[in-house]
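The exercises below ask you to read a protein model with care, and each one is followed by a solution that goes step by step.

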Amino acid sequence: MIAAIAIPLILHAAAWEATAGKFGWLPLSQTDARGYGGLAGVFAGLLASGWIHGIASTVLVVLATWFGVRRVPTALVQISQLEISPWHAWWKIRFAIARPWVLVGLLGTAGLAATEMTIVDLYGFRTLADEFYLYYAVDPSVAAITMTCLMPLVIALVLVGLHSKAGAGSVPIRYDSGANEPGESVPAMIAVVAGMIALLIAALVLIVPFTGLLVKAGHEVVVQDGRRIVSWSLTGCLRVLADAPITFAAEYTWTLILGMLTANAAVLLAWPLAAVARTHRRWQGVLDVATVVLLLIPGPIVGLAVVRFFQLPGPGFQALYQSSLVPTVIALMFRAGPVAYWIMRAGYRGIDDALLSAARLDVSWRQRFWSIDRPLVWRNLVVAVFAAAIVASGDVPAMLPVVPPGVTTVGTRLFGLLHSGARYQEAALAFWYVTAIVVVAGGLSWWMRPHRR
């Protein structure tokens, strides 16, 4: 699930196009929206957009549900099972208490879908962000900006309220207790059903897109005597995959550079903010609201705001805008920064209050920040760097207005190429990027397992 949510939407779009798009390898390629008009085209576009956004939505809701269920005290569930069946205990106790977290996942996906423009644009649909980018980018008005940001801001405020409600009645996760306690038995039928559902979701959100890219890389179509001959070649697949790192070396390099620059800048800002939020409850509420709002501001507005800022008559602004990555990094930090903040915030929440209180009495805040906080949250620090880098590398809507000439990332290259359908080169380009993200996300998940803490 973590690997699937880490994959940017543009890569999920590449997987869909490679599998069932205009040049896809499945017979479903006829569902491509660009080849039909009327209701058929609308249905095809909705099918493609719904699948791509549904991947991220499913994963986010699953992770939010898992997190909420894990926060329910095990003793409460064990007591309830004395009176009701395990099925009813899960549904009426655990899921009922975790319901605010489920709503957080659902509203989060709604907010991200409303502010996204790169996916639906492939199929002729218009979100708020896309509408703004197309018609108001040259001369944005206050009314256009307000209308574009209104729905995301409302969703952001509701999300903060649900988060507060979810955290008020729950307890922090204890890795030596919870669902893994020996005293809590799981009926065999529940374990089998849960395992089957988990495998089905894993296949839908990760294995199917990954396989689609792999198959497309070796997909060959030859027209001979007026007939269309379709085949798949293992040799061709391996050749295309081997050539991709060389053919798209510039895209991979710029993606890595921008991702790491943005990640380091985001973590340097998010780390002290998370430390302040841990010891000052009032600031924590302010920062929570601010980061959620920043996360849901449509990418085109972020990019155009950064462009307008560097057009001001400030010292060195023109030089920075024309010959540096500073504007691009600033635009990408609007989403990478909140991600880094919430990861660091989770790390600080695991520090005991008594330890922080004792540290404040004995050392200065600078010494506490470096000598006490750093060893306790260093794992979250590493995860925050990689997570922010992945988010920044895939934030195509914010990157498009501010990326300098000559700088092409994997996301921007795919955004341009996918409008004509995914061919084997694009599939190979996306394949290695997806592989890298899955390896990094899987490695970090294994590294952060409870027994490692």
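Histidine 12 is buried, with a relative accessible area of 4%, in a model that is predicted.

**Exercise 1. State where histidine 12 lies, and list the residues it contacts beyond its neighbours within four places in sequence.**

Step 1. Begin with the secondary structure: histidine 12 belongs to helix α2, which spans residues 9-20.

Step 2. Turn next to the cover. The relative accessible area of histidine 12 is 4%, and because residues under 20% count as buried, histidine 12 is classed as buried.

Step 3. Finally, set aside the neighbours within four places in sequence; the residues in contact with histidine 12 are then Ala4, Ile7, Ile52, Ile55, Val205 and Pro209.

**Exercise 2. Work out which class of aromatic pair is formed by phenylalanine 67 and tryptophan 101, and which parts of the chain the pair ties together.**

Step 1. As background, a pair of aromatic rings is described by the distance of the centres and the angle of the planes.

Step 2. The structure holds nine aromatic pairs. In the one made by phenylalanine 67 and tryptophan 101, the ring centres are 4.9 Å apart and the planes stand at 80°. Since an angle over 60 degrees counts as edge-to-face, that is the class of this pair.

Step 3. Phenylalanine 67 is in helix α3 (residues 38-70) and tryptophan 101 is in helix α5 (residues 86-114), so the pair ties together parts that lie 34 residues apart in sequence.

Step 4. Compare the cover of the two partners: phenylalanine 67 is partly exposed at a relative accessible area of 28%, whereas tryptophan 101 is buried at 10%.

**Exercise 3. Describe the pair of phenylalanine 310 and phenylalanine 317, and then find other arrangements that involve aromatic rings.**

Step 1. Phenylalanine 310 and phenylalanine 317 have a centre-to-centre distance of 5.5 Å and an angle of 50° between their planes, and the pair is tilted.

Step 2. Both partners are covered, as phenylalanine 310 is buried with a relative accessible area of 3% and phenylalanine 317 is buried with 18%.

Step 3. Elsewhere, Phe210, Phe431 and Trp432 are joined by ring pairs into a cluster.

Step 4. A ring may also meet a charged side chain: arginine 379 lies over the face of tryptophan 447, at 4.6 Å from the ring centre.

**Exercise 4. Find the salt bridges, and state for each partner whether it is buried or partly exposed.**

Step 1. As background, side chains of opposite charge can pair when their charged atoms come close. The structure holds two salt bridges.

Step 2. In one of them, the side chains of arginine 413 and glutamate 251 meet with an N to O distance of 2.5 Å. Arginine 413 lies in helix α18 (residues 410-417) and glutamate 251 in helix α10 (residues 249-279), so this bridge ties together parts 162 residues apart in sequence. Arginine 413 counts as partly exposed at 29% relative accessibility, while glutamate 251 is buried at 6%.

Step 3. Arginine 345 forms a salt bridge with aspartate 288, and their closest N and O atoms are 3.1 Å apart. With arginine 345 in helix α14 (residues 326-349) and aspartate 288 in helix α11 (residues 281-296), the pair ties together parts that are 57 residues apart in sequence. Arginine 345 is buried at 11% relative accessibility, and aspartate 288 is buried at 7%.

**Exercise 5. Identify the residues of the nonpolar surface patch of about 360 Å², and examine valine 158 in particular.**

Step 1. The patch is made by Met147, Leu150, Val154 and Val158.

Step 2. Valine 158 is found in helix α7, residues 142-168, and is partly exposed, with a relative accessible area of 38%.

Terms used. Residues numbered from 1 in each chain as written. Predicted model: local features only at pLDDT ≥ 70, side-chain atom pairs only at ≥ 80, totals over all residues. Heavy atoms only, no water. Phe/Tyr/Trp six-rings, centres within 6.5 Å; stacked < 30°, edge-to-face > 60°. Helix = DSSP H or I, 4+ residues; strand = E, 2+ residues; numbered from the N terminus. Buried < 20%, exposed > 50% of the residue type's maximum accessible area, 1.4 Å probe, protein only. Lys NZ or Arg CZ within 6 Å of the ring centre and 35° of its normal. Patch = residues over 30% accessible without salt bridge, like charges linked within 9 Å, V, L, I, M, F, W, Y side chains within 5 Å. Areas by Shrake-Rupley, 256 points an atom, 1.4 Å probe, with all protein chains shown as cover. Salt bridge = Lys/Arg side-chain N within 4 Å of Asp/Glu carboxyl O. Contact = heavy atoms within 4.5 Å.
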